[in-house]
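Thanks for coming, everyone. I would like to walk through one structure this morning, and I will give the cut-offs as the terms come up.

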There are 2 protein chains.
Amino acid sequence: MSNAKRSGVTAPKGFMAAGGACGVKPDGSFDLALIASDRPAVAWGVFTKNVVKGAPVIVSKENLRSKTSRVIVVNSGNANVLAENDYKNAKAMAQTAAEFVGCAPREAFVASTGVIGQPLPIEKVLKGIETIAPYLRPSGGKDAAKAIMTTDLAAKEAQAELKIGSKDVLVGGVAKGSGMIHPSMATMLAFVTTDAAISRPVLKKLVKEANEASFNRITVDGDTSTSDMLLVMANGASGAELIDKPSGQRYAKLLSAVTSVCVDLARKVVKDGEGATKFVSVKVTSAKTEKAAKSVAMSIARSSLVKTALFGEDANWGRILCAAGYAGVNFDPSKISLNICGKPVFQNGKLVSADWEKKVAPLLKKRDVEISLDLGGGNASAEVWTCDLSHDYIRINTEYRN
Amino acid sequence: MSNAKRSGVTAPKGFMAAGGACGVKPDGSFDLALIASDRPAVAWGVFTKNVVKGAPVIVSKENLRSKTSRVIVVNSGNANVLAENDYKNAKAMAQTAAEFVGCAPREAFVASTGVIGQPLPIEKVLKGIETIAPYLRPSGGKDAAKAIMTTDLAAKEAQAELKIGSKDVLVGGVAKGSGMIHPSMATMLAFVTTDAAISRPVLKKLVKEANEASFNRITVDGDTSTSDMLLVMANGASGAELIDKPSGQRYAKLLSAVTSVCVDLARKVVKDGEGATKFVSVKVTSAKTEKAAKSVAMSIARSSLVKTALFGEDANWGRILCAAGYAGVNFDPSKISLNICGKPVFQNGKLVSADWEKKVAPLLKKRDVEISLDLGGGNASAEVWTCDLSHDYIRINTEYRN
């Protein structure tokens, strides 16, 4: 296989993937993926905080205790949540995937996405694992990316490369979208692989940091699914030196690469929302703490009033400041400044000269919109990403299940 | 004047109101209201927690320190927020209203609602106060109700009566709507009057309790305005015995009456949202604490996915349970039960028999929809009210300012 065909989760050395159709989706499209390492890897993950957790999340969290990991099995079309035998079926998926990869069941992770409350056709899934396992290959990343999609319009992959010592190290990732789409469950799944060598405790810290700077910075409709997960596997196949402490240059370089892959995937998730017509960056600067900056940015990004105004290409600065004001963060309204698409709108608590709207209006017609709010009271900042709230959001989510 | 004409805030004895057009609204409709007591009253209020507070909120909070209160002056069409001379203009409104009622400026409250960031045409407002003050009368409640409207479709008044000892006591109220409408500022204003006699510290507690059980139980789009306020005035004109402690039968009776007026107004605010096609009650039972019950109920009521499903008349129980799960409240999913419009959907963690949807579907076509979730783990409960999320919400909020 040529190296050119390696992409996403199979870009790093030693990772293989496969995707196919096992019959969970009635239209016969791809609905089953395997992502595997050819040698024992270390893994860590973060999962939905929803009290109502899918059985696959429960099984994957259990298997996080294993010191080594080898495979991720994913089906789309059925979330295996609040359904008959859900836990038993998730365990069976892990066991069967492990069997065909040649590892212990605890070395397997399970993820499912799709409708909830419906029994998973487990026989089809297990038979499907058996069928696609022989197709596990270094060029299989794209098939896996396709197989985990539900109503995503495009497959989502990302890669990054770095040097550790003299060794080339790769990071790859794949994701499926969330919210705003057909989000009966708004599920976001993301899997990231790397051929870096890293110890498990250090990977744990790295995953938390990368997630905080990426997937925790996006919001579509504020809903949190029962099945969300981010899993990161590192198999050391690059031959690079082991990263065994959560500091220093090697750690910083890998963290930066994993974060860039996660940010790329997170932004693709936001851009691919059905109904979304705008990609919106909200940046808050001069806050007292990063947490405060993020709270204010998220409050703006979540506001239905702000999001409908952006869909209408209306520079409604009042809604933006209002949403900033109810974020639970204290600031002095007389010191704030607001830029929309790079143009000053509000400065030191006052609207700028009367012609600001003429300057901003044409820029709001573009797909990418930037809101920058300076709180005038500190050195911390944060950026988050969201989309607008459109007629199609209502249409899609109203008609779902009909 | 006949007693029949008294309504809303002028139902209780000793209260007068007036409404008229002073020219803030360009179409010449009513935009100025006065509500006054013919004798010194005690007052308390609760205000928006938004960091970005309107100048009228700031002035009214200052005047809450006064031991007695006499008048509330309200304009609609301009929120006097983040606008030139906003604080000075709010002070001038209080001072002029006080002058024409014959009280100290600190005995006057000020409220404004409408567009923000535009200078208030203060000369028109002050002239308007002078013009309408002579029309202050016991039958003026309806004019005041009309004058505080922005894009509300209907004026909102409520009354309740009770006996304290041998005395008839009345409670009346007026409100204007919030969110989902043209909520550039989503402002909710509510004013409640009573001829009960109550001490100021006891009224303070009563207002907090009544607000918590009413206006704090509604959500339209989750946005919180810069100008929200609830003010309650009690003037003792009924001649009933003074309520001087926050316990006992007299306190309980007045609390019940004020709460019922506030609940009535709060429900009217939700029902009157432009774009709203459904009035939705969300009731959570068997929670460990009332706070937990309310958190779960609010999480469901705020979910865009739940609200679009209800607009589509779709019994999407998965979205309801998912929203319950991310409320930040711990519960056991295997013990929960869900009724929609009184019909069992989900019991003890499992979907009920296959024909539940046939039973629920016709009921979802009605305007009033009820969601009841039993958490199966305690004795506390809470009910909140919301509306659906419709195409018209997007249309109205997209086109605003265009």
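Let me start with a question: how far apart should the ends of helix 7 of chain B be, at 1.5 Å a residue? Before I answer, please note that this is a predicted model, in which local features need pLDDT of at least 70 and side-chain atom pairs count only at pLDDT 80 or more, while totals for chains, interfaces and linings use all residues. Residues are numbered from 1 along each chain as its sequence is written, chains are lettered from A and ligands numbered from 1 in the order in which they are written, and side-chain values use heavy atoms, with hydrogens and water left out.

Now the answer: helix 7 of chain B, residues 290–302, has 13 residues and should span 18 Å, and because its end C-alpha atoms are 18 Å apart, the two values agree. The expected span here is 1.5 Å times one less than the number of residues, and helices (H or I, at least four residues) and strands (E, at least two) are DSSP runs numbered from the N terminus.

Which residues of this helix are buried? They are Ala292(B), Ala293(B), Lys294(B), Val296(B), Ala297(B), Met298(B), Ser299(B), Ile300(B) and Ala301(B), where buried means under 20% relative accessible area, exposed over 50% and partly exposed in between, with a 1.4 Å probe and protein chains only.

A search of the whole structure finds two aromatic pairs over all chains; rings of Phe, Tyr and Trp (its six-membered ring) pair if their centres lie within 6.5 Å, and planes under 30 degrees apart count as stacked, over 60 as edge-to-face and the rest as tilted. In chain A, Trp317(A) and Phe346(A) are stacked, at 5.3 Å centre to centre and with 25 degrees between the planes. Trp317(A) lies in helix 9 and Phe346(A) in strand 11 of chain A, so the pair ties together parts that are 29 residues apart in sequence, and both residues are buried. In chain B, Trp317(B) and Phe346(B) form a stacked pair at 5.2 Å, again with 25 degrees between the planes. Trp317(B) is buried at 4% relative accessible area, and Phe346(B) is buried at 0%.

Charges also meet rings in chain A: the charged end of Lys146(A) sits over the ring of Phe30(A), 4.1 Å from its centre, and Lys271(A) lies over the face of Phe279(A), at 4.9 Å. The criterion is NZ of Lys or CZ of Arg within 6 Å of the ring centre and within 35 degrees of the ring normal.

Ser286(A), in strand 9 of chain A, has a positive phi of about 50 degrees although it is not a glycine, and at 18% relative accessibility Ser286(A) counts as buried. Asn85(B), also not a glycine, has a positive phi near 55 degrees and lies in the loop between strand 3 and helix 2 of chain B; at 42% relative accessibility, Asn85(B) counts as partly exposed.
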